[in-house]
Structure formats: C-alpha cells, structure tokens
Amino acid sequence: MKKIQIGVMTFVLGMSLIFGAMAQDQGYKIGDTASDFKLKSVDGSWVSLPNNTKGALVIFSCNTCPYVVAYEDRMIDLHKKYAPKGYPVIAINANDDKVSPGDSFDKMKERSKSKKFPFAYVHDQSQEVIKAYGGSRTPHVYLLHKEGNDFIVRYIGAIDNNYQDPTGVTERYVEEALDDVMNGRKVAIEFTKAIGCTIKWTKKAE
C-alpha cells in the first residue's frame with residue numbers, strides 16, 4: 001500500500017514539474033523579439049511600441065492589485081527618469097473586468113486621472129498581448145531595447161526587491177538593467193520573479 005502511495009505521489013510531483021516547466025516556456029524569453037501591438041489608451045488614443053525611442057518599459061498593471069498600488073509612484077518615477085532617455089513606461093491592464101469590475105476601462109480612466117499618470121495606460125481587452133508576453137502577475141515588467149527595428153527583451157520580472165517599503169529597497173532590478181543596457185553591457189540580472197496579483201483571465205464560455 002505504501003509503495004502505491006509513494007508511486008502516486010511521485011507521479012503527481014512529476015506532473016507538477018512538467019506543467020510548471022510548460023508554464024515557464026510560455027511567452028517571451030530574454031533575447032526574444034517582442035511583437036508590436038495596438039491598444040487603446042485612457043486618453044482615447046491608440047498606443048503601439050514607439051518608433052522614436054531606444055526601447056520601452058512594458059509593465060502589466062491594473063487598478064485593483066495592492067502590489068500595483070504600492071508600486072504606482074515608482075512606476076511614475078521610472079517614466080519621468082527614463083522616458084527622456086528613450087525608455088518610456090507603457091502600462092497595460094489585461095484583467096477581465098467581468099471578473100474584476102474595478103479594472104474596467106472607465107475605472108482605468110479614473111485611476112489615471114487621480115494619480116496623474118504621465119505614461120500611457122492601455123487596455124488589453126482581448127488578453128492577446130499578455131498571452132504573447134507570458135505575463136502572469138501585476139506588476140510584471142518587460143524591458144525592451146530597440147535594435148534596428150526590433151524590440152528585444154532584455155529584462156523580465158519585478159521592479160525592485162521591496163514592494164512594501166520604497167526606502168527599504170536594496171536591489172533596483174529595472175534601473176540596474178536599464179543602466180546596463182544604456183551602457184552597452186550585458187544585463188547582470190536578466191530575470192527575477194514578479195511578485196503581485198494573478199491576472200484575472202477571461203473565463204471560457206461553457
């Protein structure tokens with residue numbers, strides 16, 4: 001009986017590892033070329049990856065996640081610091097508002113206005129963009145560096161190592177990655193685990 005139980009546990013563990021690996025294989029990896037998109041912004045315009053920049057900071061975000069709320073001011077600071085250097089923030093809300101009503105497009109407009117977002121805040125209503133990127137949390141950052149006409153993924157993960165307290169941050173992952181990229185160096189830390197709320201995926205019709 002014990003052998004059967006051990007066999008079942010081993011099988012379950014093995015399947016978990018397989019499915020975990022499959023999940024990690026989804027979406028972009030470091031060095032991949034990111035596809036362009038066209039998403040509606042809260043100001044009514046349509047936003048794509050910018051042609052006249054050196055890259056972009058694509059951040060999957062939303063209105064309702066407490067982790068995002070904790071990081072919003074830092075997202076604003078990142079845009080103010082790096083947009084003039086060629087790396088603007090593009091915040092993308094991919095949450096299904098039927099699952100999370102607080103993430104509706106109207107609520108996005110309200111949040112952007114109240115926080116005075118200086119960056120583009122766009123809606124991935126179809127969730128096609130986040131699926132292409134492989135984003136799984138909010139916030140989830142993708143640093144794109146433009147090489148020729150291609151936007152190459154150079155960093156994926158968290159903004160820094162302390163969402164609770166900005167003054168307690170000891171590792172500024174995005175800023176350090178940007179510093180490496182802008183100085184022509186290989187990014188020292190290319191990947192970190194994104195800490196935040198899970199994406200509110202559209203439920204399949206039964």
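The following dialogue explains how to read several features of a predicted model.

Biologist: How many helices and strands does the chain have?

Modeller: Helices (H or I, at least four residues) and strands (E, at least two) are DSSP runs, numbered from the N terminus. In this chain there are five helices and ten strands.

Biologist: What share of the residues is buried?

Modeller: A residue is buried under 20% relative accessible area, exposed over 50%, and partly exposed in between (1.4 Å probe, protein chains only). Here 43% of the 206 residues are buried. As for contacts (heavy atoms within 4.5 Å), 73% of those between residues at least 6 apart in sequence join residues at least 24 apart.

Biologist: Which cysteines form a disulfide?

Modeller: A disulfide is a pair of cysteine sulfur atoms within 2.5 Å. The whole structure holds one, between cysteine 65 and cysteine 197, with an S to S distance of 2.3 Å. This link is right-handed, with 85° about the S-S bond. Cysteine 65 lies in the loop between strand E4 (55-61) and helix H2 (66-82), and cysteine 197 lies in strand E10 (residues 197-198), so the pair ties together parts 132 residues apart in sequence. Both cysteines are buried.

Biologist: Which strands pair with E6, and in what sense?

Modeller: Two strands pair if DSSP finds at least two bridges between them. Strand E2 (residues 39-41) runs antiparallel to strand E6 (residues 120-123), with two bridges, and serine 41 has valine 122 as its bridge partner in E6. Strand E5 (residues 89-93) is parallel to E6 over four bridges, and isoleucine 92 stands opposite valine 122.

Biologist: What is the hand of the crossover from E5 to E6?

Modeller: A crossover is right-handed if, with the strands pointing away from the viewer, the path from the first strand over the helix to the second runs clockwise. The β-α-β crossover from E5 through helix H3 (residues 105-115) to E6 is right-handed.

Biologist: Which residues of the largest nonpolar core touch the most other members?

Modeller: A nonpolar core is a set of buried Ala, Val, Leu, Ile, Met, Phe, Trp, Tyr and Cys residues joined through side-chain atoms within 4.5 Å. In the largest, which has 27 residues, they are Leu57, Leu143 and Val174. Two or more residues come from each of E4, H2, E5, H3, strand E8 (140-147) and helix H5 (173-182). A second, separate core of 22 residues includes Leu39, Val129, Ile130 and Tyr133.

Biologist: Is phenylalanine 191 buried or exposed?

Modeller: Phenylalanine 191 is exposed, at 56% relative accessibility, and is placed in the loop between H5 and E10. Beyond its neighbours within four places in sequence, phenylalanine 191 is in contact with Tyr155 and Ile156. From phenylalanine 191 to isoleucine 156 the C-alpha to C-alpha distance is 5.0 Å, although they are 35 residues apart in sequence.

Methods:
Residues are numbered from 1 along each chain as its sequence is written. This is a predicted model: local features need pLDDT of at least 70, side-chain atom pairs count only at pLDDT 80 or more; totals for chains, interfaces and linings use all residues. Side-chain values use heavy atoms; hydrogens and water are left out.
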